[in-house]
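Here is a quick walk through a protein model, written for someone seeing it for the first time. Keep the viewer open and follow along.

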Amino acid sequence: MASLVRTSVEAGVGVITVDNPPVNALSPGVPEGILAGVEAFVSDERVRAIVLIGAGRTFIAGADIKEFGKITSGKKRRGPGLVTVVHALEDSLKPTVAAIHGFAFGGGLEVAQGCHYRIALESARVGQPEVKLGIIPGAQGTQRLPRLAGVAKALEMCALGDPISAAEAHRFGILDAVVPGAGHDDLRAGAVRFAGEVGDSKETHAKVREREGKLCSPDECRQLCGAAAAKVRKVRRGHAAPLRAIEAVGCSVTMPFAEGVKRESEIFRECLFSTQSKALIHLFFAERQARKIPDVPKDTPVRPIRAAAVLGAGTMGGGIAMCYANAGIPVRLKEVTQEALERGMATIRMNYERSAKRGRFTAEQVRERLALITPQTTWDGFGEADIVVEAVFENMALKKEVFREIDAIARKGAVLATNTSTLDVDEIAQATSRPQDVIGHHFFSPANIMRLLEIVRGKRTAKDVVATSMMLAKTLRKVGVLVGNCHGFVGNRMFHPYRREAQFLAEEGARPVDIDRVLYEFGAAMGPLAVGDLAGLDIGMRVRKEAPHLYPPGVRRPLAEDALCELGRYGQKTKKGWYTYGDDRSRHEDPEVDALLLEISAANGIERRSISDDEILERTVFALVNEGARILEEGMALRSSDIDVIYAYGYGFPPFRGGPMFYADLVGLDRVLDSVRILHADHGHWWKPAPLLEQLAAEGGSFSKWSAAAA
């Protein structure tokens, strides 16, 4: 305990320092240490006030998430609960001051709300992000925050979970002061000074739970809660916890404090034991686990990336250039013609201007980022780049030719990355004299927005290039996931059977709009056919032409999208695909598509029938799962949770379902296998059960446990 929480007396102020690196989580031992410190200082005649501060880089970033798992598994919690700590700070006979730097998130902010006063460095951020784990604040935060910030702000923070700056927190009354300075020493000195002043004051130090001035009327509360719920249903569609957080915050107005915290506790436990919470906590740990590569130690040296170069200023190349500029890394952007280059830069400027209008960037930040991008049609400066990223047309011959040119120009030790989404990274690497420097960096469109970066390791890719790529993903604010080199890697390899089954369903009688509706209601960002229209149906057509081996002779292949492409219906970019599109991108059914599907079915002897929503869901989602099992068998993914991260961050799979492999574990692999076997009997080749799925179902196992054992 002594190593987690330290105490000292400075100028008559007792200082409690939480020192539980890296983020001062409220792990066992920390609450006990804070309580012991408060108790000691209350009885210490030398002390007139108490400061709670964090050591290292942050205040208290929240609860120890691992402790939630212990609660749901029925294990008895060790030590005092967080509420006990909050009440000890609030009921202290001497004023308590929370001194915040870095982050005060979740339980950290709830502890701070237990103090009589809160001060922070200007760079600090505070928030209640619990809903992102499928839960709500559980240490009375939904009842104290409205009393500090008002009901409207509390609803926003608790229901959406996004952090706010120290300046905003001060403006809304969450903080009592913002301390001048930028460092931890400045905060500590300012906190001791502030605490000394309030300790000498004869004023009453109000408890947050007793403040009522910022609470609104019940009628206004109902209106605010209704508006918050409407927003949540739009931006957190399908998530249950945000709506429960709104209910809890509403209790701060409709119930006395004691009853409100009781109701908050009930809602917290209901959320914690829900499948959504299990799924979101799974993804929380999965994202962190994805950074760990068994044969690439944490201390593997990395190559510094101080300057970048990108080939291709199209949709992907331009977005990738923006990623580097957003991270403060200067980047050269090359195109073959001046016209294409100007078109690409115009798109980049438009994207930045749109972000500025939405408040994401200031005008000055836009200018800074644009200044970091050097557009050119020559190879000038490519020899100085630490990384060269190829983002040209998805064609093997073209990519190999480009890499021969890169090989002749790039400096020794530069990382050579291809943004291919399906092609063989090893074959591309063979076009160079240094395959050890070649790696796949598969960004997702729009690259400047999507968080996933699929990092594709070739047979000869050097370990330091892998380590550099994982580090670079973090620098670019991406979630990097290492995958093996096979056609489509992990994400697109699984996406092909997912979209294949959607097409088969349409050819067999399901309406396209129903297929997309079922997946949308399941929680997907978009249905599979709508996704095709967004990406461009011609891309899939080119992939099928590039890889004819994917469809063996005599085996059924999807026909509809190629037929749509032959009619010039490429999707949103031509305003016609599976649907027709208005100028505002509104989507509409098209009788021409219905007629085409009837024609395809008749010409190929496909019997049309009524198809249930359940069949649509199983055939699409279980296609993902079955292919994911093969990927795990082959070692193309290190663990099933990596697949879940890829699908949650790159493919719009609903995060509250935990990813396709976790979802399969929840459903039960025996049930999944039963469905796959029925589909195999009905539809043949494509539905042969993956051996790993059969093995785990027979053993009563799960993908998660199998991955852990394999690791």
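Lysine 474 sits in helix α18, which covers residues 463-475; helices here are DSSP runs of H or I with at least four residues, strands are E runs of at least two, and both are numbered from the N terminus. With a relative accessible area of 62%, Lysine 474 is exposed. Exposed means over 50% relative accessible area, buried means under 20%, and partly exposed is in between (1.4 Å probe, protein chains only).

A word on the ground rules: this is a predicted model, where local features need pLDDT of at least 70, side-chain atom pairs count only at pLDDT 80 or more, and totals for chains, interfaces and linings use all residues. Residues are numbered from 1 along each chain as its sequence is written, and side-chain values use heavy atoms, with hydrogens and water left out.

Back to the lysine. Lys474 belongs to a positive surface patch along with Arg57, Lys66, Arg288, Arg291, Lys292 and Lys298. Patch members have over 30% relative accessible area and no salt bridge, and like charges are joined within 9 Å.

Arginine 477 has a positive phi of about 60°, although it is not a glycine, and at 57% relative accessibility it counts as exposed. Glutamine 140 also has a positive phi, near 75°, and lies in the loop between β7 (125-127) and α5 (141-149). At 7% relative accessibility, glutamine 140 is buried. Most residues other than glycine have a negative phi, and most peptide bonds are trans.

On the subject of peptide bonds, the one from proline 21 to proline 22 is cis, with omega near 10°. Proline 22 is in the loop between β2 (13-18) and α1 (30-42). The bond from serine 445 to proline 446 is cis too, with omega near -5°, and proline 446 is in the loop between β15 (438-443) and β16 (452-456).

Now for the charged pairs. The whole structure holds 57 salt bridges, each being a side-chain nitrogen of Lys or Arg within 4 Å of a carboxyl oxygen of Asp or Glu. Here are some of them:

| Salt bridge | N to O distance |
|---|---|
| Aspartate 91 and arginine 209 | 2.8 Å |
| Arginine 222 and aspartate 219 | 2.1 Å |
| Aspartate 583 and lysine 575 | 2.3 Å |

Aspartate 91 and arginine 209 link distant parts of the chain, 118 residues apart. Aspartate 91 is partly exposed at 35%, while arginine 209 is buried at 18%. Arginine 222 and aspartate 219, on the other hand, both lie in helix α9, three residues apart, about one turn of the helix. There is also a network of salt bridges linking Arg500, Glu501, Glu507, Glu508, Arg556, Arg609, Glu615 and Arg619.

Finally, the rings. The structure holds 13 aromatic pairs; rings of Phe, Tyr and Trp (its six-membered ring) pair if their centres lie within 6.5 Å, with planes under 30 degrees apart called stacked, over 60 edge-to-face and the rest tilted. Phenylalanine 522 and phenylalanine 653 are edge-to-face, 5.7 Å centre to centre with 80° between the planes. That pair links distant parts of the chain, 131 residues apart, and both phenylalanines are buried. Tyrosine 647 and tyrosine 651 are stacked instead, at 4.4 Å and 15°.

Methods:
Patches are made of residues with over 30% relative accessible area and no salt bridge: like charges are joined within 9 Å, nonpolar side chains (Val, Leu, Ile, Met, Phe, Trp, Tyr) within 5 Å. Accessible areas come from the Shrake-Rupley method with a 1.4 Å probe; for residues, only the protein chains shown count as cover. Lys and Arg count as positive and Asp and Glu as negative; His and the chain ends are not counted. The place of a charge is taken as NZ of Lys, CZ of Arg, CG of Asp or CD of Glu.
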